[in-house]
Each structure stands twice: as structure tokens, then as C-alpha cells.
Amino acid sequence: MNQRLREPTLHRLLDANVRYADDNKGLTNHCPMALCALAGMGAQPARLQEFFDNWQRRSAVPARPVLKAVSRDTWLACIGDASAVSALREYFEEWIWSAGADAVLEQVLGRIPFAPASGAFHALIRLAYGLEAQHLSEIAAGLAALVCGNLHIDTGPHQRIPAASVNQGLAILSRALHGTVFTGSLIVTRLRAVAGYPLFYAVLPAAPAQPQLLDDMARAAISLYWQTNNFTALHVVTGLHAARRVLSHLPAALVQRLLPDLWVAVCAAYVSIGAPPLAASDVISDDVETLIDNADTWQDLFTTAIASDDDHVIKMVYTCYGENLRAPSPLYLAAAGRRAGRMFQMH
């Protein structure tokens, strides 16, 4: 765990956030995720408090009262029930207190349809930050969001031929669906439209049978984001980083069961933005190299992100830093810099 996420001010503010709705004005409550990323980049207590106060004035909506209790016998009935999120969060928090976070995580993710794209990947991201901070209420909130906002894309019982690789699988989708427009102002709306589109199911390959599947998806995601500067692609980058954190808490056998659903979620997100053909890696590298000589250092980007009230800038810089530590690539620095406004746009 990043030791900075033990910051007492962070945990006090995460506790305070319980007073506010998770489905904030029809959107995800981004405050706790941004606070965790700020703390992870070294934001001082005063800055954490300032961010929370600004968010509270600008966006906070009081949480609705819990009108019904959830129990060990009834929690599965909450799948897809957005009205149950507060009650389920309370139940999961009590369960985590008694059984431990990893045990509850295994039980819940082993029994629900795994739906990484729920809440435009925010449920998974919030869960990951809760685990990193070891904050029980945030872990419970992330799990509740995965259950109650469950956006599972069911590919049906028939056999699919696995893609030879992540890039080859995306290329199959691009050849069939490039330029297809899915309408809707929200990422989730467009994902649901893809989930109801017959041609998507007709051409979707099964996940590549590769041990490094998550790593390959992450590489494709940062390339896609760099190439398109697309907001949905940003959520795929941060969502896959979150998936890595969450899956690290689970037994290997369960991880192997869940990865195909993660692949489908990434494919659906890719198709939802028109399935643009991915540029060759050498072309992307040449483009990045024209910028990287003048790029800011990570610490400079941290300074910019910490001063920002844009939660997507904050989370993207923190995500790119973490992914770059795992698999260094100039794309992460370039993408983080572009999102933070510290590098000129490519033309």
C-alpha cells in the first residue's frame, strides 16, 4: 500500500464523505477517489481539506436515508437495484469488519456477474482506491456500486474463437464496427447501447489466452487514449489500473474466471467510441518522442495535479505514474502531461 494513503486527514475526509450520495446528481461521487489520488501523490492535509471543501460547495448532495436493511440472505437481490446502494454499503462494511476485506471481496466477486464497466468503470476504481487506503467504508462503497450498478455484458453461451492477441482482437472489432456511432451523453448510456447491438456480439472474439492479458490490455488502452484523447478511453486506462489493484487481492483461480469479463468490458468501451484502428506502435513512439524531450517530470505533474480541482486530471496523473512504474513507457508521461495541460496537443 502507498503509505501516503494512511494520512489521517484523508481517512477523516473519507469518513465525512459518507454523509453524501454516491450517485451524485446522476453521476458518480468522484470526491473520495480524487482524495485518495491526491494523498497518493503527496498532497498535504491542508490541500486535502481544501479539495473536499471545494467539492462540498460545488457538488455534494446529501445521502438518502437507508430505508431497508440488507442481510446475508438478501444482498444478492440488490444486483442492479440502484435504490439499495446505501443499505448494501452499510451491510458490506459490517461484513468486512467481521470477516476481513479480502474474504468479502472474494465472496462478492465470486457470486455476482462481474461487471467492470459498471458506473463507467468508477465502481471498480472506487473499490481499488478503498483497498489501497484500507478504508473499510470505501471498500464497501465500491463493492456496493459494483452490485447495485451492475453493468454486466453477457456474451451468451456459444463458443467464441479467442483473439490471437489484444491488438488483433481490437482489430477484428475495428474492421466490423469502425465509425459506428452510439448516442447518449453518458459513458454508461453508450456502453449499454453497445451491449444491445447485435453486430458487437456477432464479431466479438473471446479473450486472448495469454498469461499477460491484463498487461497487454493496459498497453493497448494507453495507446488508444494517446491516439484519440477520448474521455471513455481515459476511463479504460484508469479502470484497468484499478482492476490490477482489485484482482491482486483475489485467488488466482478466481482471477482467471473474471478476466474474460474484463476483456468484454474493454471491448465494449472501445466499440462505444467508434472502434478506431489502433496506430502502429512505432508511429505512436515517433509522435511521443517529438514531445517527450520537453516533458515535465513526474514531480512537476504531481504539483500540477495536486493544485487541480479536476478529479479526472488528478486520477489520470496518479494512474499513469503507477502504470509507468510497473511497465515504463513514455506514453504514460506524455498522456498524463497532456491531460494536466502541461504539454501542447498533438496535431
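**Entry 1: Arg126 and Glu138.** I looked up Arg126 and found that it forms a salt bridge with Glu138 (a side-chain nitrogen of Lys or Arg within 4 Å of a carboxyl oxygen of Asp or Glu). The closest N and O atoms are 2.7 Å apart. The pair links distant parts of the chain, 12 residues apart. Arg126 lies in helix H6 (residues 122-133) and Glu138 in helix H7 (residues 136-148). Helices here are DSSP runs of H or I, at least four residues, numbered from the N terminus.

**A note on the model.** This is a predicted model, where local features need pLDDT of at least 70, side-chain atom pairs count only at pLDDT 80 or more, and totals for chains, interfaces and linings use all residues. Residues are numbered from 1 along each chain as its sequence is written, and side-chain values use heavy atoms, with hydrogens and water left out.

**Entry 2: Arg244 and Glu323.** Next I checked Arg244, which forms a salt bridge with Glu323. Their closest N and O atoms are 3.2 Å apart. Arg244 sits in helix H12 (residues 231-247), and Glu323 in helix H16 (residues 311-326). They are 79 residues apart. Both are buried.

I also traced a network: salt bridges that share partners join Asp22, Arg89, Arg126 and Glu138.

**Entry 3: Arg47 and Glu50.** I found Arg47 in a salt bridge with Glu50, at 2.9 Å between the closest N and O atoms. Because they are 3 residues apart in helix H3 (residues 45-59), about one helical turn separates them. Arg47 is buried at 10% relative accessible area.

**Tally.** I searched the whole structure and found 13 salt bridges.

Notes. Helices (H or I, at least four residues) and strands (E, at least two) are DSSP runs, numbered from the N terminus. Buried means under 20% relative accessible area, exposed over 50%, partly exposed in between (1.4 Å probe, protein chains only).
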